[in-house]
Amino acid sequence: MLEETKVKTLDKVVVRFSGDSGDGMQLVGNIFTNVSAGIGNEVSTFPDYPAEIRAPQGSLGGVSGFQVSVGKCVHTPGDQCDVLVAMNAAALKQNARYVKHGGVIIIDIDSFKEADLKKALYTTSDPIKELGITAQVLEVPITTMTKAALESSGLDNKSILKCRNFFALGLVCWLFDRPMESVLRFLKNKFAKKPAIYEANAKVLQAGHDYGHNIHAGVSTYRIESESARPGVYTDINGNTATAWGLIMASEKSGRPLFLGSYPITPATDILHELAKRKDLGVKAVQMEDEIAGVCSAIGASFAGNLAVTSTSGPGLALKSEGIGLAVIAELPLVVIDVQRGGPSTGLPTKTEQTDLLQALYGRNGESPVCVVAPASPTDCFTMAFEAARIAMEHMTPVILLSDAFIGNGSSAWRIPEADEYPEIKPPYLPQERIDAGGWRPYERRQDNKVRYWAIPGTEGAAHRLGGLEKDYNTGAISTDPLNHEKMVYTRSEKIARIAHDIPALELLGDADADILLTGWGGTYGHLRTAVVELQQQGKKVAFTHFRYINPLPANTAELLGRFKKVVVAELNTGQFADYLQGKFPNVKIERINKVQGQPFLVKEITDGLLQIMNQD
Amino acid sequence: MDTQQYTPANYKSDQPVRWCPGCGDHAILNSLHKAMAAVGVPPHKTAVISGIGCSSRLPYYMNTYGFHTIHGRAAAIATGFKVANPEMTVWQISGDGDGLAIGGNHFIHAVRRNIDINMLLLNNKIYGLTKGQYSPTSDRGFISKSSPYGTTEDPFIPAELVFGARGNFFARTIDVELGVSQEVLTAAALHKGTSVVELLQNCVIYNNGIHNFITDRENRADRTIHLEHGKKMLFGKELNRGLVQNGFLLKAVEIGKDGYTMDDVLVHDAHTPSNFLHQQLAMMDGHELPLAIGVIRDVAAPSYNEEVDRQVKEVRAKKGFDSLRSMILAGETWEVK
């Protein structure tokens, strides 16, 4: 039968699942992702969900989406999708705009009755025409067929309707030739404790797959190219889980127990969830009474000798400011994770933005420099969380890790590192010989990197007092001496500046002889890199570098930026990093590409922006 | 186990004490040094953590691990410290502003969680370090720089908050009662879980004599009662007055008068789980009934940090992962060759 079907071979395809927030779109999206990664595809996902847990059924506000790109050279979840699944009229209305020209839209035609259209605020009775859809629309009676498949299951109507998402998944799996046994394995794990639900979902999944066979004549199927990945054991990981695991790796590599003090906040809560589970690795995750208590308990844990972390999003970072200042003056290691979301205030809790950069750099009273780093992708969250912890402990300073909703919730396939792939972390413990020599004071520091020693409470002969009041450079006693204060301010600042010698240099990608350098920081890496590749394919010359270390900047920053006539900074805010770079390097000509819509870049927005800047000359 | 004996001097730092002459904090500091020596936890196994305010300077005067932190947050910082390093004995020092105003939320949650720390609440009913504003324990109508016409709000009674947060240890003392102070601080140290000790303390500069009604030598014996577990609730210069039950309430009587005998006088039971009588005892204010000092409630209950350690041990034994890698490999993975 398959030979009658048109087969398209593609490098990568993008699928978007959409429905009510209770329709299980995130679940089927995740399963599709895992199955694809399992057969060697690169994957990149973008869950796009509403802030309301359950908005009214069928309403525009309750639409939840999950977009995934699978194939080779996948760095983003894709600007537009090849296939859209819309479980109801509202989902179609919210998502039709994301479908590529020539793409396919699968709708559950049973959810397009008059009342459904009304709820989704259509003004005519023909939604396809009203939305100006040119893609091929597959009208599938998903609800009817799900009910038919489960007629004799004994399940009640409500439970039966909950299986609709698996009909859609079955159909999509047929379309993309995904191995059904692997789908069933994920399903079985998910519903291990509910065999009846597993049976029902498996049956509906198969029905959806069979349906694909039977309608084959009307639609193309896809064969997706995959590239041979580096050998190793892989798992699918999202940025928040990767962050949590990176911290655990840092705990193992430093020998310091891991402590998390946190308070739930979207979109960072999954870090708390994961670390709470990891009591099985000895992690202590404490849900404190508020954001301030989160950071303060972590500061207490740090003083006590743990690798101490607090996790939050923008509003929580604002509340933690005073606490971070305490860790600055006490010179204690502290990792602060900010999974950025749209602001100001409560803003757009579930949407992504890069608008906390200046808050992270400067949002404290007094001169209080901290180290700021930003992961570039979901899997890079592992590396950069490890780095944040390493720098915090080895340099005795707070480090703010600026993740964001896009990479925190997004996932990709990740090769599980071998035990020896990450370096040992060596905190500057107070040496026993120094204790024995007598006269040690808590702010005594190493001259090379200005780092003070860490005396772990419980150590005999090293009892000492820290505090938020300014201390004497030599004795560590309270001091209000004007010159001493200035010396301490510059010393703390110099300590952070010298971290530049302990981080990797910027890497230059693309055309080294180009006039234009595209750059950005943190979670926009995939889109920026893809934009550069696309422009090069069009014969344009463009160079690219990406910042994961924000403060201090890598040591070669000035030299590298200075090589180009123009530096274009693309970021999801109104220009915070561009301003930061311009302030540090006034002679560099900086241009900007900005977006503040709570959504990640589209690659096209970056290529268009760059072409426009190129054409100015 | 450390068998070395310690003296109060072992807990004193070399820093000059900078409280005002005559401040009640001096006596409290001395009582604390003595209690620590009596309990015998070595200075390097002891941490003293404070917030902001006059009393919060105390860690600088201790030869232990110490942390003078930020306003209101000492309880949260002490909580993290204790969970992270449960081998250490942790003391938290706060004033009435630090602990009950800006730090009120952390105070009640630390008590509710029953984290094993000793919280000292130095209550002088005034903000001293900011030079004389009313505090959350100042009486209604209290005149201060920030309430020139008298406050128009009711104060917290610290004990009531502790019981509201389901606390298991509450004791009270007065700066001038050195013996009682040492006794309750020792009991607080020995109690597993959050031990709250309210220390009524005189601010000689901004609120001099605020506790005079109960601390005056003339009347102190009649206006206070020193409660001790297992002992009769007796007070008065001659110990001839006692507390008896009067319906659901308490009543102060004179032994031998109105038909009351020693047998009628209640025996203090600090260990009974019900906090009904403890609350009544703690709410006595020196007027109708004498203000209670001593250990009012001391009930054993699982502490937060012990429970965390127990869970970690149990889960680790059950799952048996020896590393992050082994945990990840036990989940969904695939191999690329």
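Predicted model: local features only at pLDDT ≥ 70, side-chain atom pairs only at ≥ 80, totals over all residues.
User: What should I know about numbering and cut-offs before I start?

Analyst: Residues are numbered from 1 along each chain as its sequence is written, and chains are lettered from A and ligands numbered from 1 in the order in which they are written.

User: How many salt bridges does the structure hold over all chains?

Analyst: The general idea comes before the count. Side chains of opposite charge can pair when their charged atoms come close. The rule for a salt bridge is a side-chain nitrogen of Lys or Arg within 4 Å of a carboxyl oxygen of Asp or Glu. Over all chains, the structure holds 43 salt bridges.

User: Are Arg390(A) and Glu394(A) buried or exposed?

Analyst: Cut-offs again: buried means under 20% relative accessible area, exposed over 50%, and partly exposed in between (1.4 Å probe, protein chains only). Arg390(A) and Glu394(A) are both buried. Their side chains form a salt bridge, 3.3 Å from N to O. Both residues sit in helix H15 (residues 380-395) of chain A. They are four residues apart, about one turn of the helix. Helices (H or I, at least four residues) and strands (E, at least two) are DSSP runs, numbered from the N terminus.

User: Which residue forms a salt bridge with Glu418(A)?

Analyst: Arg325(B) does, with the closest N and O atoms 3.4 Å apart. This pair crosses between chains. Glu418(A) is in the loop between strand S16 (411-415) and helix H17 (432-437) of chain A, and Arg325(B) is in helix H11 (residues 324-329) of chain B. Glu418(A) counts as partly exposed because its relative accessibility is 39%.

User: Where do Asp579(A) and Arg592(A) lie?

Analyst: Start with the bond: their side chains meet in a salt bridge at 2.9 Å, N to O. The pair links distant parts of the chain, 13 residues apart. Asp579(A) is in helix H21 (residues 576-584) of chain A, and Arg592(A) is in strand S23 (residues 590-594) of chain A. Asp579(A) has 44% relative accessibility, so it counts as partly exposed. Arg592(A), at 35%, is partly exposed. Elsewhere, salt bridges that share partners join Glu274(A), Lys277(A), Arg278(A), Asp280(A) and Lys319(B) into one network.

User: What does Gln582(A) touch?

Analyst: Contact means heavy atoms within 4.5 Å. Not counting residues up to four places away in sequence, Gln582(A) touches Val588(A) and Ile590(A). Gln582(A) is found in helix H21 of chain A. Its relative accessible area is 23%, so Gln582(A) is partly exposed.

User: What is the area buried between domain 1 and domain 2 of chain A?

Analyst: The size of an interface is often given as the accessible area lost when the parts come together. Here buried area is the accessible area (1.4 Å probe) that two parts lose on being put together, summed over both. Domain bounds come from an automatic or database domain assignment. That assignment includes domain 1 (2-224) and domain 2 (235-415) of chain A. Their C-alpha centres lie 34 Å apart. The contact takes 13 residues from domain 1 of chain A and 12 residues from domain 2 of chain A. About 980 Å² is buried between them, and carbon and sulfur atoms give 55% of that. In domain 1 of chain A, Val43(A), Thr45(A) and Tyr49(A) lose the most area to domain 2 of chain A, together 43% of what that side buries.

User: How many salt bridges does the rule find across the interface of domain 1 and domain 2 of chain A?

Analyst: The rule finds one. As for another pair of note, Asp48(A) forms a salt bridge with Lys351(A), with the closest N and O atoms 2.6 Å apart.

User: How many residues does each chain give to the contact of chain B and chain A?

Analyst: Chain B gives 54 residues and chain A gives 71. The area buried between the chains is about 5200 Å², with 63% from carbon and sulfur atoms. Five salt bridges are counted between chain B and chain A. Arg185(A) and Glu332(B) form a salt bridge, their closest N and O atoms being 3.4 Å apart. The largest share of the side of chain B that touches chain A comes from H10(B), with eight residues.

Note on methods: Heavy atoms only, no water.
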